[in-house]
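Hi everyone, thanks for making time for this. I'd like to walk you through a structure that may be new to you, so let's bring it up on the screen.

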Amino acid sequence: MATKSWRGRRVVSISNLKGGVGKSTTTMMLADALSLKHNARVVVVDLDPQANVSQMLLSYRGLQTARNTGITLTDWVESLSQSSQTEFFTYASPGVSGLHELNPKSLPQYAKDSGELSLVPATPELRFAELEFDHNSFQTGNPAAPTARMIDCLDRGVKSFKGSVDLVLFDCPPAFSTLAQAALSISDAIISPTLEEPLGAWSLKAFRDFGLDKTLRVWDPERHRVLFTRVSRKGALDERREVRNNIVQAGFHVLPVAVKDSSYAHRWVQKPAPESRKRYASKYGPVRRSVTELGDEVAVFLGKLSVRGELKNGQ
């Protein structure tokens with residue numbers, strides 16, 4: 001088992017404006033691989049009202065419990081409209097890993113440095129809470145006021161974890177919502193799952209040009225990585241190579257590993273109850289090696305990051 005290759009807390013957004021590219025699945029894979037294989041204390045923050053990664057990690061029943069007890073991102077956003085509340089840790093559900101290896105009851109007593117996985121879950125009401133926040137933060141003549149305020153709140157919210165967290169993963173929606181813009185603005189790195197097809201390349205460029213660069217002005221190729229997911233076994237090989245070449249020539253850095261066998265994804269999301277657990281090898285089956293390699297590559301990437309948007313020694 002490797003030790004995490006970075007110091008301090010890293011904040012990473014899993015984001016792409018195109019839907020159906022595997023953002024939530026990628027978030028879960030990274031959370032599992034980095035917490036189990038690299039001993040990282042990970043917090044997943046679900047920014048998508050579809051709440052896919054929330055159900056993957058908590059189960060449907062677990063998400064309903066969080067919803068009923070008011071421990072969700074929706075409740076946090078609502079608190080911002082009512083007061084100056086920004087602390088995040090009170091809205092995080094701890095111990096949500098569905099991996100048997102990270103079950104506290106199965107860990108040896110000496111395993112004090114083992115990884116952990118927590119979640120700030122989303123609910124379908126999140127979008128309405130965001131709209132209320134935008135309305136309350138509106139300033140005449142300053143259309144960016146809601147985003148600027150959310151950036152400050154989210155940044156302070158993440159910092160409320162202090163030294164108890166090694167990695168925050170934002171699972172962004174396929175939209176440029178206020179929360180998504182704030183997450184991208186405060187992230188040390190961005191990972192964009194992308195389909196190996198011409199439309200995927202076009203969407204990625206649009207996300208970079210109009211979102212990260214023109215709107216947020218946070219585009220930095222050294223802190224952005226592309227991950228090919230759901231790589232098709234069909235279609236012309238030349239066409240798929242051309243897509244990859246176009247993305248590289250457009251200035252993107254591509255992670256070497258690709259998660260090809262998405263047909264097994266239905267196994268990964270089966271968590272019938274909050275206490276349900278599987279072993280890592282059983283959960284990911286034939287793609288477990290790819291998931292482990294993905295975690296290893298991202299760990300190396302994060303290890304090169306010193307401060308937001310900068311690399312050590314000019315690497």
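Let me start at the largest pocket, where α1 gives the most to the lining, with 3 residues. The elements that give two or more residues to that lining are α1 and α2 (52-58). In all, 15 residues line the largest pocket, and Gly-20, Gly-22, Lys-23, Ser-24 and Asn-52 lie nearest its centre. Its volume is about 170 Å³.

A word on terms here. On a 1 Å grid over the protein atoms alone, a pocket is an open set of points where a 1.4 Å probe fits, with protein on both sides within 12 Å along at least five of seven lines, and lining residues have an atom within 4 Å of a point. Grid points are joined across faces, edges and corners, and the volume is the space filled by probe spheres set on the points. Helices (H or I, at least four residues) and strands (E, at least two) are DSSP runs, numbered from the N terminus.

Please keep in mind that this is a predicted model, in which local features need pLDDT of at least 70 and side-chain atom pairs count only at pLDDT 80 or more, while totals for chains, interfaces and linings use all residues. Residues are numbered from 1 along each chain as its sequence is written, and side-chain values use heavy atoms, leaving out hydrogens and water.

Now let's step back to the whole protein. Its secondary structure comes to 12 helices and 7 strands. Of its 315 residues, 55% are buried, where buried means under 20% relative accessible area, exposed means over 50%, and partly exposed is in between (1.4 Å probe, protein chains only).

Next, the sheet. In what order do the strands of the open sheet run? The order is β3-β2-β4-β1-β5-β6-β7, 7 strands with parallel pairing. β3 and β7 (253-254) each have a single partner strand, so one side of each edge strand has no neighbour in the sheet. Two strands pair if DSSP finds at least two bridges between them.

Here are two of those pairs. β2 and β3 run parallel and are joined by 5 bridges, with Val-43 standing opposite Ser-118 in β3. Although β3 is at an edge, 4 of its 5 residues are buried. Over in β5 (residues 189-194) and β6 (residues 224-228), the pairing is also parallel, over 5 bridges, and Thr-194 faces Phe-228 in β6 as its opposite residue.

What lies across this sheet? Helix α1 (residues 23-37) lies across β1 (10-14), β2, β3, β4 (167-171), β5 and β6, and runs at about 165° to β4. Such angles run from 0 to 180 degrees between N-to-C directions, with axes fitted as lines to C-alpha atoms, for helices over the stretch in contact.

Another helix to find is α4 (residues 73-82), mostly covered, with 7 of its 10 residues buried. Among them are Trp-76, Val-77 and Leu-80. The cover over the buried residues includes β2 (41-46), β3 (116-120), α5 (126-137), α6 (145-159) and α7 (178-186), counting contact as heavy atoms within 4.5 Å.

Let's zoom in on a few single residues. Ser-187 sits in the loop between α7 and β5. Is Ser-187 buried or exposed? Ser-187 counts as buried because its relative accessibility is 0%. Its side chain makes a polar contact of 2.7 Å with the side chain of Ser-13. A polar contact is a pair of N or O atoms within 3.5 Å; within protein, one must be able to donate a hydrogen and the other to accept it, and residues adjacent in sequence count only if both atoms are side-chain atoms. Ser-187 and Ser-13 are 174 residues apart in sequence, yet 6.2 Å apart in space, C-alpha to C-alpha.

Glu-196, in the loop between β5 and α8, is buried at 10% relative accessible area, and its side chain joins that of Arg-244 through a polar contact of 2.7 Å.

Ser-59 has a phi of about 80° and is buried, at 0%. Arg-217 has a phi of about 55°, but counts as exposed, at 69% relative accessibility.
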